[in-house]
Amino acid sequence: MSRPRVRDDLALVEGYHSPQVSVDVRLNTNESPIAPPAAFTEQFTAAVATIEWHRYPDRSASALRAKLASHYGVRAEQVFVANGSNEVLQCLLLAYGGTGRRAAVFEPTYALHSHIARVVGTEVVVGQRTEQFDLDLDVVREVITANQPEVVFLCSPNNPTGVVDPPETVRTVLDLTRDYGGLVIVDEAYGQFTPTSAVSLIDEHEALVVSRTFSKTWSLAALRLGYCIGPSWLIASLEDVALPYHLDAVKQLAGTIALDFRKEMDERVSFLVEERGRLATALADLPVSVWPSGANFVLFRPENRAGAEVWQELVDRSVLVRNCASWPGLDGCLRVTVGTRRENEAFLTALADVLRASSVLGSASRSPVPGKESA
Ligand SMILES: *Cc1c(COP(=O)(O)O)cnc(C)c1O
């Protein structure tokens with residue numbers, strides 16, 4: 001038999017990998033370390049018993065959309081929901097990307113933006129961030145005016161760097177794309193961990209959409225539920241490309257109930273922001289470079305050791321962080337998710353241990369510096 005070949009352009013696309021290693025302390029995928037409130041689980045379990053399993057779910061997910069809309073002070077027609085914000089992004093690219101079209105990304109950023117773009121046949125154009133991972137508006141202007149991409153991705157706070165774009169950045173990008181009719185997507189998967197958001201710029205007359213998720217702040221990564229907010233004409237176009245009844249009844253119920261627990265969600269976010277501060281302060285005392293983060297993770301680079309080795313030695317101590325060491329533009333970097341107090345302490349202890357072990361080895365192999373001993 002001759003096997004069917006996948007599309008030629010897919011042969012060049014690399015899969016998305018995030019190793020799931022079995023360890024005690026898992027700080028690699030930016031999940032919430034805290035389960036949702038028990039009252040949520042109870043209400044949700046009771047609600048599942050009311051589902052009419054022989055019927056298709058509400059195709060327009062009206063209850064969930066209406067509740068998200070009131071949460072953000074927009075109309076239900078301005079909200080689209082899907083199976084994780086990755087599916088939201090896929091729908092956006094199905095509608096506005098595709099063959100013969102371009103999407104712009106500014107690296108290093110979330111790998112799924114370019115990955116999903118390529119999977120749906122979109123050409124990806126890349127601009128580089130500065131050494132500090134900020135957006136250089138001259139580079140942004142250059143990439144957009146030279147390529148006129150149908151889709152421009154921003155990500156704030158950016159993954160995996162944690163960098164937050166100032167609000168003027170989105171306005172500048174909108175000014176650039178407005179002329180030729182490009183769509184600006186701001187991925188705010190970590191939006192609740194920082195005070196700035198592009199949601200306030202949403203307008204029926206702007207080609208701007210903001211995506212968010214229940215995976216990180218709402219402690220519901222297992223649920224696979226995400227959404228975006230944008231002008232109603234754009235939301236309508238997403239409904240055309242989504243599969244019929246794409247969002248099941250269980251998910252619609254869970255999301256609707258979760259939104260009643262806003263206070264608990266806010267408390268979790270405040271706790272994690274506080275722990276993020278503690279983590280950053282403690283890292284500053286170790287021989288690593290640290291970048292300020294507006295998300296629930298911190299990017300750092302060991303100064304005197306290869307990142308990949310440090311990653312392995314942390315795994316040996318049953319601590320898993322994200323190994324970004326070989327990612328373009330992130331040489332030697334590791335990313336740690338903010339966990340519980342206990343997890344963060346375990347991480348810091350393990351990291352200090354790894355780096356101490358290497359500095360002892362390092363000084364043993366170095367020839368003594370004259371006069372240093374007495375200093
Ligand atoms: C985690 C993450 C998402 C997430 O996804 P879900 O599909 O909603 O779990 C989207 N964007 C960024 C930047 C992320 O880090």
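Reader: First things first, where do domain bounds come from?
Author: Domain bounds come from an automatic or database domain assignment. For this chain, that assignment gives domain 1 (19–32 + 263–359) and domain 2 (38–261).

Reader: And what kind of model is this?
Author: The model is predicted, so local features need pLDDT of at least 70 and side-chain atom pairs count only at pLDDT 80 or more, while totals for chains, interfaces and linings use all residues. Residues are numbered from 1 along each chain as its sequence is written, and side-chain values use heavy atoms, with hydrogens and water left out.

Reader: OK, how far apart are the C-alpha centres of the two domains?
Author: The C-alpha centres of domain 1 and domain 2 are 26 Å apart. Domain 1 puts 26 residues into the contact and domain 2 puts in 23, where contact means heavy atoms within 4.5 Å.

Reader: How many cavities of 30 Å³ or more are there?
Author: One. A cavity is a set of points on a 1 Å grid over the protein atoms alone where a 1.4 Å probe fits but cannot get out; a pocket is an open set with protein on both sides within 12 Å along at least five of seven lines, and lining residues have an atom within 4 Å of a point. The largest cavity has a volume of about 70 Å³, volume being the space filled by probe spheres set on the points, which are joined across faces, edges and corners.

Reader: Which residues line the largest cavity?
Author: Among them are Pro36, Pro37, Phe40, Trp218, Phe261, Glu264, Met265 and Arg268. Helix α9 (residues 262–284) gives the largest share, three residues.

Reader: What about the second largest pocket, how much space is in there?
Author: About 300 Å³. It has 15 lining residues, with Ile51, Tyr56, Pro57, Asp58 and Ala249 nearest the centre of the pocket. Helix α8 (residues 249–258) contributes the largest share of that lining, five residues.

Reader: Switching to helices: at what angle do α3 and α7 pack?
Author: Helix α3 (residues 85–96) and helix α7 (residues 232–241) pack at about 95°, with axes 9 Å apart. They are therefore roughly perpendicular to each other.

Reader: Who meets whom between α3 and α7?
Author: From α3 you have Cys91, Leu92, Leu94, Ala95 and Tyr96, meeting Trp233, Leu234, Ser237, Leu238 and Val241 in α7.

Methods. Helices (H or I, at least four residues) and strands (E, at least two) are DSSP runs, numbered from the N terminus. Axes are lines fitted to C-alpha atoms, for helices over the stretch in contact, and angles run from 0 to 180 degrees between N-to-C directions. Angles under 35 degrees count as roughly parallel, over 145 as roughly antiparallel, 65 to 115 as roughly perpendicular and the rest as oblique.
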